[in-house]
Amino acid sequence: MLNNKLYFIVANDQLLCSTSGHLIVLNENEFYCLNLHIILQYSVVANKDEQYWVVAINSQEIPGYQWLNLRSQLGFISDPKFQLAGRALQTLRWHIDHQYCGRCGKPTVPHPRDLAKICTHCALDFYPRISPCIIVLVTQGDYCLLARHTKSHQEIFSCLAGFIEIGESPEQTVVREVMEEVSVNVDNIRYIASQPWPFPGQLMLGYLADYVSGDIIVDRNEILAAAWYHYNQLPNVPSLATISGCLINTFVQQRQALQISIK
Ligand SMILES: [Zn+2]
């Protein structure tokens, strides 16, 4: 028996959602009832029970639905569903952006087995691009270093983060980014957790690091303000749906456990 087909519908990089704001995944019957004019359609992932597709259409009013961006779903829907929606959007963007070979300019063709495209002329493979990044919470005893980023639209204080450069290990990136952004030296870098971050295609590797030396001097291009905060008196921080929120929560729990063991 064929597995169930399920559809994410995308227009202008926005996802079809219910009027209550929840991401909608249409089953085959619902999909065909809407009678949408399909521009592009790609397989996202398949298992023995389900086969997910992403379908691009022109932006249009669909009664009973609304269009929302993926960010609106962060912490609003389950993590697995959020990751799947992120994969759907990234799959669509990747197909659109890799129709031609970057070396010779000829059209690419699908890889026979992998999620990849091939230029048969150059014998080159193109796999979906993922950008590895580090995100780090620098700590000093009961205090952690939080920063307000220039790109953030809200008054929210978060960890430091940056892209891993060619030839760097993630730990080297942690040391470099912290120095560049706040002029502080760190060591004892410990990996905590990771998170795919589909805005647009990062893989965040999360670390804690110990402060060693230096006074905070912020790089104004990336950081508006940065300061040390006691784990009991934190400012507005990111939600637990983000890896930044998880790193901060890990630190707070570690300090609280230490206080209890001292008592
Ligand atoms: Zn080529």
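## Domains and basis of the model

Domain bounds here come from an automatic or database domain assignment. For the protein chain, that assignment gives domain 1 (4-97), domain 2 (99-128) and domain 3 (131-262). The C-alpha centres of domain 2 and domain 3 lie 37 Å apart.

This is a predicted model: local features need pLDDT of at least 70, side-chain atom pairs count only at pLDDT 80 or more, and totals for chains, interfaces and linings use all residues. Residues are numbered from 1 along each chain as its sequence is written.

## Overall picture

The protein chain has four helices and 15 strands. Helices (H or I, at least four residues) and strands (E, at least two) are DSSP runs, numbered from the N terminus. Along the principal axes, the C-alpha atoms fill a box of roughly 65 × 50 × 35 Å.

Of the 263 residues of the protein chain, 28% count as buried. A residue is buried if 20 or more other C-beta atoms lie within 10 Å of its own, exposed if 12 or fewer, and partly exposed in between, with C-beta atoms placed from the backbone. Take the contacts in the protein chain with a separation of 6 or more: residues 24 or more positions apart account for 62% of them. Two residues are in contact if their C-beta atoms, placed from the backbone, lie within 7 Å.

Two strands pair if DSSP finds at least two bridges between them.

S7 and strand S8 (residues 117-119) run antiparallel and are joined by two bridges. Pro110 stands opposite Lys117 in S8.

## Strand S10 and its partners

Strand S10 (residues 131-140) is mostly covered, with seven of its ten residues buried. Its pairing with strand S14 (residues 202-213) is parallel and spans nine bridges. There, Cys133 stands opposite Met204 in S14. S10 also runs antiparallel to strand S12 (residues 160-163), joined by four bridges. Ile135 faces Ala161 in S12 as its opposite residue.

Strand S11 (residues 143-149) pairs with S10 in the antiparallel sense over three bridges. Val138 has Leu145 in S11 as its bridge partner. S10 and S11 form a hairpin with two residues between the strands. In this hairpin, Gly141 takes a positive phi near 60 degrees.
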